[in-house]
Amino acid sequence: MGSEGDVPLNLLKTMMADFARERDWDRFHSPRNLLLALVGEVGELSEIFQWKGEVPRGLPGWNDDEKTHLGEELSDVLLYLVRLSDICGVDLGQAALRKVRLNAIKYPPPAKAAFDKKENETPTEGADAAGSGGKSC
């Protein structure tokens, strides 16, 4: 398949459904079984980072084999997630867009001036006379 650029979730969903059907695996692909498989793959992904401490962006110092292995485990997680969402009848792309929009409402960006002020405060600054520690209702 080479480098196709962006890969739509629907393409992955179709490929995973075809893959399972061709192998007669649909009977095993219940939501519970797929979730457990997904959790197992997240565990394998976690193992890659387990003893590395904090890892900076871009993974400096990682060799090509380590990055390839990481890509494989990330792909396993993605593919099980796509398959699980398909079996559950959830449009994963639309659900993700909705969630990003909800998070933008729930966690609005701070006003620049207020953010700068909070960043420069010491723990005792900004506390009111009642000793609220700068917290407000």
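His29 sits in the loop between helix 1 and helix 2 (31-49), where helices are DSSP runs (H or I, at least four residues) numbered from the N terminus. The model is a predicted one, in which local features need pLDDT of at least 70, side-chain atom pairs count only at pLDDT 80 or more, and totals for chains, interfaces and linings use all residues. Residues are numbered from 1 along each chain as its sequence is written, and side-chain values use heavy atoms, with hydrogens and water left out.

His29 counts as buried because its relative accessibility is 14%, buried meaning under 20% relative accessible area (1.4 Å probe, protein chains only). Its side chain is joined to that of Arg83 by a polar contact of 2.8 Å, that is, a pair of N or O atoms within 3.5 Å, one able to donate a hydrogen and the other to accept it. Beyond residues up to four places away in sequence, His29 touches Ala20, Leu34, Arg83 and Ile87, with contact meaning heavy atoms within 4.5 Å.

Leu34 also belongs to the largest nonpolar core, which has 9 residues in all; such a core is a set of buried Ala, Val, Leu, Ile, Met, Phe, Trp, Tyr and Cys residues joined through side-chain atoms within 4.5 Å. Helix 2 gives the most to this core, with 4 residues.

Methods:
Helix = DSSP H or I, 4+ residues; strand = E, 2+ residues; numbered from the N terminus. Buried < 20%, exposed > 50% of the residue type's maximum accessible area, 1.4 Å probe, protein only.
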